[in-house]
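Me: I am new to this structure and would like a friendly tour. Could you show it to me and then take my questions?

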Amino acid sequence: MDQTVNKKEVQFSEAAMAEIRRYLSHYPADRQKSAILPILHIAQAEFGGWVSPEVMDKVAEILNIQPIEVYEVATFYTMFNLKPVGHHVLEVCRTGPCMLRGSDQLIEHLEHRLGCKVGETSADGHFTLKTVECLASCGTGPMLQVREQFYENLDATSADQMLEDLKASTVRKPWEENY
Amino acid sequence: MGRKLLTEHINVEGIQTFDVYRKHGGYASVEKALKTMTPEAIVEEVKASGLRGRGGAGFPTGMKWSFLAKPEGKPRYLVCNADESEPGTFKDRYLMEKLPHLLIEGMITSSFALGCRTSYIYIRGELMYVLRILEKAIAEAYANGFLGENILGSGYSLDLHVHPGGGAYICGEETALLESLEGKRGNPRNKPPFPAVWGLYGCPTVVNNVESIATVPWIVNNTAAEYAKIGVGRSTGTKLISAGGNINKPGVYEIEMGITVEEFIYSDEYCGGIWKGRDMKAVIAGGSSVPILPKDLILKTANGEDRLMTYESLSDGGFATGTMLGSGGFFVMDDQACIVRHTWTLARFYHHESCGQCSPCREGTGWMEKVLHRIEHGHGHMHDIDLLVSVAKQIEGNTICPLGDAAAWPVAAAVRHFREEFEWHVKHPEAATAPGAVFTKAESVIA
């Protein structure tokens with residue numbers, strides 16, 4: 001896993017840089033800071049699922065702003081992981097409507113299967129288990145999200161199948177071919 | 001069957017593509033608007049239609065548009081609020097996923113009406129797969145001459161971009177959304193100045209919900225008068241309702257304003273009744289922030305009239321005996337649902353999502369969550385129940401944005417309507433925390 005990134009190594013791939021340039025073109029020339037969230041999403045996908053201080057410094061360099069401006073944004077929005085995570089991050093919705101349809105039991109089941117608690121990573125490094133607040137899937141709960149994929153109407157059997165499928169899968173980046 | 005203005009073609013195979021959408025009458029409003037109407041005429045049509053903002057507040061859309069300042073030499077912006085994050089609400093996600101071109105068509109027609117040359121769709125970051133659907137559809141619209149320079153030879157040009165958020169419910173508040181779009185933390189701004197005067201990059205800006213914008217093409221195509229004929233009183237047109245919770249048929253339904261709540265819950269056309277043959281205990285009618293109502297009050301107003309699915313009927317009786325249509329996030333709790341546990345999860349949500357800018361909200365939401373946690377987990381005291389009401393009162397109205405109210409209302413309403421259930425939890429900690437424990441009226445008599 002690419003989880004130890006030091007400053008010298010922070011280099012976006014050309015494909016990721018093309019994606020960054022595409023976003024930068026959406027905003028007025030003197031308002032390029034607007035691209036900070038899209039770039040942080042790209043950075044997180046590019047560097048192992050989390051944004052290290054070094055990665056955030058690189059984002060600041062691209063946007064020609066102070067690093068603190070990136071830190072204060074990355075720490076405000078919950079989608080950005082500030083610590084290393086597993087290969088796949090399971091984000092289980094636990095808000096009211098999902099709770100009514102069994103998210104508590106789903107979380108318990110996943111903790112048991114992965115051998116780790118919410119907020120932790122499984123010993124094999126495959127999965128980090130997180131809870132999130134409402135993913136706009138209230139009619140199809142209980143559910144969880146893994147990167148850009150929603151898994152809905154889950155029960156123990158379908159959750160187990162999902163874990164198996166994910167274990168066997170490769171993480172791809174949205175700007176890669178055949179994504 | 002009610003009329004479907006937005007979702008008529010939603011199940012047509014391939015409707016997500018430009019060609020199929022166009023074959024079914026798509027982009028007709030852009031042609032009509034650009035070739036035969038003035039921007040002012042479109043604003044007047046939207047005003048006359050009575051369309052009210054579908055994001056939750058219900059403010060008249062046309063009136064909001066007419067407030068837009070038009071200073072010389074400054075761009076104007078239209079920003080679509082697609083940061084749908086209210087628990088219970090998932091209608092915008094459904095609409096964007098199934099009918100991306102409808103939103104794009106609405107954005108073009110609305111941008112022309114408002115004189116915008118660049119518009120943005122701010123979509124919550126968690127819906128990245130929907131963002132990809134929208135981007136693909138936008139590329140098709142550019143390729144077919146409906147976006148970009150000189151659209152349909154009319155001389156009007158527009159660029160449309162999708163912008164992902166980063167996972168913050170507060171960015172659904174329009175000024176927080178603008179801060180976020182400018183690349184900052186999503187802290188709401190003080191109002192005034194309102195976005196219509198000082199919005200994105202300090203320029204005049206309109207922020208509208210997805211469903212509101214998606215309704216504009218129908219109004220332009222069919223006239224405001226036709227739109228206003230549908231519905232009841234000041235609740236005109238149709239509304240998307242996202243139904244969830246303990247019902248037989250969760251999903252998104254387009255209803256004509258004015259059907260009864262009872263019909264919506266029990267008819268096979270909509271929710272199909274309560275699941276597992278159970279009885280209904282309570283309903284949250286318009287997203288998690290609106291007051292919860294027990295069965296009797298959601299079906300009938302305090303005067304004994306049938307409660308209707310309209311802004312006015314749902315709010316009849318104020319917060320004492322009524323609620324709000326809000327964003328249309330409608331979720332039903334059966335008689336096996338625990339109101340205390342449910343209220344705790346909502347308080348936890350609002351504590352988690354408070355931006356922390358205003359002390360009453362930052363501290364108060366955490367306080368309510370803690371108190372509810374201890375009641376739910378068998379460590380509550382009787383005076384905790386009044387404490388909850390007191391904290392809720394001190395948050396309400398004392399914050400820059402409505403998140404404070406949104407956090408306070410569900411807690412205050414849960415205590416107002418289900419006080420004995422909270423008392424039962426305090427009096428019977430062991431019984432209340434046992435697996436599957438549920439309060440019933442009979443138990444209150446025993447206690």
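Predicted model: local features only at pLDDT ≥ 70, side-chain atom pairs only at ≥ 80, totals over all residues.

Me: Which residue of chain A forms a salt bridge with Arg341(B)?
Reply: The closest N and O atoms of this pair are 2.8 Å apart. Arg341(B) lies in helix α15 (residues 339–353) of chain B and its partner in helix α6 (residues 103–114) of chain A, so the pair joins two chains; helices (H or I, at least four residues) and strands (E, at least two) are DSSP runs, numbered from the N terminus. Arg341(B) is partly exposed at 22% relative accessibility, where buried means under 20% relative accessible area, exposed over 50% and partly exposed in between (1.4 Å probe, protein chains only). The partner, partly exposed at 26%, is Asp104(A).

Me: How many residues apart in sequence are the parts tied together by Glu174(B) and Lys64(B)?
Reply: The side chains of Glu174(B) and Lys64(B) meet in a salt bridge of 3.3 Å, N to O. Glu174(B) is buried at 15%, whereas Lys64(B) is partly exposed at 23%. Because Glu174(B) lies in helix α8 (residues 174–181) and Lys64(B) in helix α4 (residues 61–66), both of chain B, the parts they tie together are apart in sequence by 110 residues.

Me: Which element gives the largest share of the lining of the largest pocket?
Reply: On a 1 Å grid over the protein atoms alone, a pocket is an open set of points with protein on both sides within 12 Å along at least five of seven lines, a cavity is a set of points where a 1.4 Å probe fits but cannot get out, and lining residues have an atom within 4 Å of a point. The largest pocket holds about 1300 Å³, a volume being the space filled by probe spheres set on grid points joined across faces, edges and corners. Of its 45 lining residues, the closest to the centre are Gly55(B), Gly56(B), Ala57(B), Gly172(B) and Pro402(B). The largest share, five residues, comes from β4(B).

Me: Where does the second largest pocket lie?
Reply: This pocket has a volume of about 820 Å³. Of its 27 lining residues, those closest to the centre include Asp104(A) and Arg341(B). Two domains of chain B, with bounds from an automatic or database domain assignment, both give residues to the lining, so the pocket lies between domain 2 (241–334) and domain 3 (339–433).

Me: Which element gives the most to the lining of the largest cavity?
Reply: The largest cavity has a volume of about 480 Å³. Of the 26 residues lining it, the closest to its centre are His41(A), Gln44(A), Ala45(A), Arg147(A) and Glu148(A). With five residues, the element that gives the most is α2(A).

Me: How many charged residues line the second largest cavity?
Reply: This cavity, of about 70 Å³, is lined by 13 residues, and those nearest its centre include Cys355(B), Cys358(B), Cys361(B) and Cys401(B). Ala, Val, Leu, Ile, Met, Phe, Trp, Tyr, Cys and Pro count as nonpolar, Asp, Glu, Lys and Arg as charged, and the others, Gly among them, as polar. The lining has eight nonpolar and five polar residues, and the charged ones number no residues.

Technical notes:
Residues numbered from 1 in each chain as written. Chains lettered and ligands numbered in written order. Heavy atoms only, no water. Salt bridge = Lys/Arg side-chain N within 4 Å of Asp/Glu carboxyl O.
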